[in-house]
Amino acid sequence: MADQAFLNRSATTIMISAMSILVLNGPNLSRLGKREPAVYGYQTLDDINRGLVESFPDVTFEFFQSEDEGALLEKLFHIEDKGGFRGVLLNAGAFTHYSIALRDAISGVAIPVVEVHLSNIFAREEFRRTSVISEVCVGVISGFGANSYHLGVRSLLGISSKQ
Ligand code: DQA
């Protein structure tokens with residue numbers, strides 16, 4: 001029994017280490033640490049990324065941030081074509097609320113995407129309470145600061161496919 005548990009654990013570790021997760025951040029998230037710390041905290045994006053690497057040593061992360069909508073779309077298409085990605089953690093920033101292009105891109109790729117937000121978008125201004133991407137993401141994690149990203153990784157590790 002103990003041996004079986006060990007084998008299962010090793011098999012899981014091997015599977016996870018063979019898979020990568022893309023952490024994709026949209027506009028203004030490069031300014032974390034300086035930007036509205038009362039809302040978004042004092043951690044920089046590098047701090048958050050480092051925290052993920054430390055907390056999930058068996059996961060291979062790729063990190064990408066852009067202020068540009070097109071660059072985010074291209075990154076999604078690129079990792080789908082490259083293959084080997086278990087999923088995407090996406091903080092789309094303000095694009096969350098209006099980018100139909102981003103929604104279409106998420107909908108069009110076979111890789112599961114988890115929507116994450118540092119702040120609780122449902123407890124803020126009216127315009128932030130609408131996400132045009134939630135419907136095509138596998139789930140939404142919002143309001144836990146940097147921990148939203150950690151919860152997002154845990155969710156992706158428990159999902160085997162988009163459906
Ligand atoms: C955000 C929330 C968005 O409304 C905002 O435009 C951001 C950050 C968050 O992480 O809480 O840029 O996605």
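Apart from its neighbours within four places in sequence, Leu89 is in contact with Ile21, Val23, Leu24, Val114, Val116, Tyr149, Gly152, Val153 and Leu156; two residues are in contact if their C-beta atoms, placed from the backbone, lie within 7 Å. Keep in mind that this is a predicted model: local features need pLDDT of at least 70 and side-chain atom pairs count only at pLDDT 80 or more, while totals for chains, interfaces and linings use all residues. Residues are numbered from 1 along each chain as its sequence is written.

**The core**
- Leu89, Leu90 and Val114 touch the most other members of the largest nonpolar core, which has 26 residues.
- Such a core is a set of buried Ala, Val, Leu, Ile, Met, Phe, Trp, Tyr and Cys residues joined through C-beta atoms within 7 Å.
- A residue is buried if 20 or more other C-beta atoms, placed from the backbone, lie within 10 Å of its own, and buried residues make up 29% of the 163 residues in the chain.
- In soluble globular proteins, nonpolar side chains tend to be buried together.

**The chain as a whole**
- The chain has 6 helices and 5 strands, which are DSSP runs numbered from the N terminus (helices: H or I, at least four residues; strands: E, at least two).
- Read from the N terminus, the order of elements is α-β-α-α-β-α-β-α-β-β-α.
- Among contacts with a separation of 6 or more, 77% join residues 24 or more positions apart.

**The sheet**
- An open sheet is formed by 5 strands in the order E2-E1-E3-E4-E5, with parallel pairing; two strands pair if DSSP finds at least two bridges between them.
- Strand E2 (60-65) and strand E5 (139-142) are the edge strands, each pairing on one side only.
- Strand E1 (residues 20-25) pairs with strand E3 (residues 85-91) in the parallel sense over 6 bridges, and Leu22 stands opposite Val88 in E3.
- Helix H4 (residues 69-82) packs on the sheet and touches E1, E2 and E3; its direction makes about 175 degrees with that of E1.
- For that angle, axes are lines fitted to C-alpha atoms, for helices over the stretch in contact, and angles run from 0 to 180 degrees between N-to-C directions.

**The ligand**
- Around the ligand are Asn28, Asn91, Gly93, Ala94, Thr96, His117, Leu118, Ser119, Ile121 and Arg128, where a residue counts as near if its C-beta atom, placed from the backbone, lies within 6 Å.

Note on methods: Buried ≥ 20, exposed ≤ 12 C-beta atoms within 10 Å, placed from the backbone.
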